[in-house]
Amino acid sequence: MSGTLKIELGRRYRFSASHRLHTPQLSEKENSRIFGKCNNPYGHGHNYVVEVSMSGDVDAATGMIANLADLDAFVERQVLEEFDHKSLNEDVPAFREKVPTTENLCIEIFRRLKSFPKAKLERIRVEETGNNSFEYAGENQEGNRP
Amino acid sequence: MVLLTRKIEFSASHRYHNPSLSAEENRRIFGKCNNPHGHGHNYTLQVTIEGEPDPVTGMVLDLKELKEILEREVMQRMDHRHLNYEVAELAGQIPTCENIARVIWQLLEPKITQGRLHRVRLYESPDLFADCYRNGANGAGKS
């Protein structure tokens, strides 16, 4: 019976960062029209919540998909150290080219975490505020939310 | 298909300890969770049922019935209990979120007679949870 079940481990992390939604491919006027307040010239910030879902076999000896200490250290190194209290536009290379919307942030965080060696990354969910959240499950998976 | 979710909370104690490992190994792998006298959590359980609403009642299943199933199968078994010593279904397993979620799935699945169990999500704390669902549900688990 348990062979037909899938178990995922979910862990939530937090970081605070600033960003500005602006693209040089559009005029000042267009940027302002599309991005509204988010285009204000000096940027603004959010307290982001990142929800990481990993799947894998539950180890019979430990009862775990992955040891939390390993996962926490990996996320700390790959994401939190580089994003927390930073400007996403200025400090994260991926956002020199791309607009740091939370959609793109999900994709970037997925890219940074998919090499976790001990379990399979299923999806990233990012809350930009308590009212907005975004999910990304990789290129080949369509909305595989359980 | 419509999904319906009911949430309950229970409080329980547990300890992570595998008797086939040395004291040192247990300490290294489980850290604080291996402290000898255990510790506890306020667990939040979200149970999601899938199905079509009944054309007469408009319900996938009667929430009263789900409430009673959760009371009988989960609350009476686990609330204010020590998961290592008092829950037979967890005997011989480390009571991690992953294992508790699976046991809860196995307890609930045969009891849901209207609609069917879609997902069990168990939070051990607001920042740590496990999901249990049918392999392949919603296109998940293709790998």
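Read along the sequence, chain A follows the pattern β-α-β-α-β-α-α-α-β-β, for a count of 5 helices and 5 strands. The model is predicted, and the predictor gives the complex an ipTM of 0.85 and a pTM of 0.88.

**Overall form of chain A**
- The C-alpha trace of chain A spans about 60 × 30 × 25 Å along its principal axes.
- Chain A has 146 residues, of which 29% count as buried.
- Among contacts in chain A with a separation of 6 or more, 66% are between residues 24 or more positions apart.

**Strand pairing**
- Strand S1 (residues 5–19) and strand S2 (residues 44–55) of chain A run antiparallel and are joined by 12 bridges.
- Within this pairing, Arg11(A) has Val52(A) in S2(A) as its bridge partner.
- S2(A) also pairs with strand S4 (residues 120–129) of chain A, in the antiparallel sense, over 7 bridges.
- Here Ser53(A) is the residue that stands opposite Arg123(A) of S4(A).
- In a regular strand, side chains alternate between the two faces of the sheet.

**Helix H5(A)**
- Helix H5 of chain A covers residues 102–113.
- The end C-alpha atoms of H5(A) are 16 Å apart, which agrees with the 16 Å that its 12 residues should span at 1.5 Å a residue.
- Buried positions in H5(A) are Leu105(A), Cys106(A), Glu108(A), Ile109(A), Phe110(A) and Arg112(A).
- Those buried residues pack against several elements of chain A: the strands S2, S4 and S5 (132–136), and the helices H2 (68–83) and H4 (94–97).
- An α-helix has 3.6 residues a turn, so residues three or four places apart point the same way.
- Arg111(A) lies in H5(A) and is partly exposed, because 15 other C-beta atoms lie within 10 Å, whereas a buried residue needs 20 or more.
- Between the C-alpha atoms of Arg111(A) and Ile124(A) the separation is 9.9 Å, with the two residues 13 apart along the chain.

**Confidence for chain B**
- Chain B has a mean pLDDT of 93, and 95% of its residues reach 70 or more.
- The pLDDT is below 50 over residues 139–143 of chain B; this stretch has 10 contacts in the model beyond near neighbours in sequence.

Definitions and conventions:
Residues are numbered from 1 along each chain as its sequence is written. Chains are lettered from A and ligands numbered from 1 in the order in which they are written. This is a predicted model: local features need pLDDT of at least 70, side-chain atom pairs count only at pLDDT 80 or more; totals for chains, interfaces and linings use all residues. Two strands pair if DSSP finds at least two bridges between them. Helices (H or I, at least four residues) and strands (E, at least two) are DSSP runs, numbered from the N terminus. pLDDT is the predictor's confidence in each residue, from 0 to 100. Two residues are in contact if their C-beta atoms, placed from the backbone, lie within 7 Å. A residue is buried if 20 or more other C-beta atoms lie within 10 Å of its own, exposed if 12 or fewer, and partly exposed in between; C-beta atoms are placed from the backbone. The expected span of a helix is 1.5 Å times one less than its number of residues.
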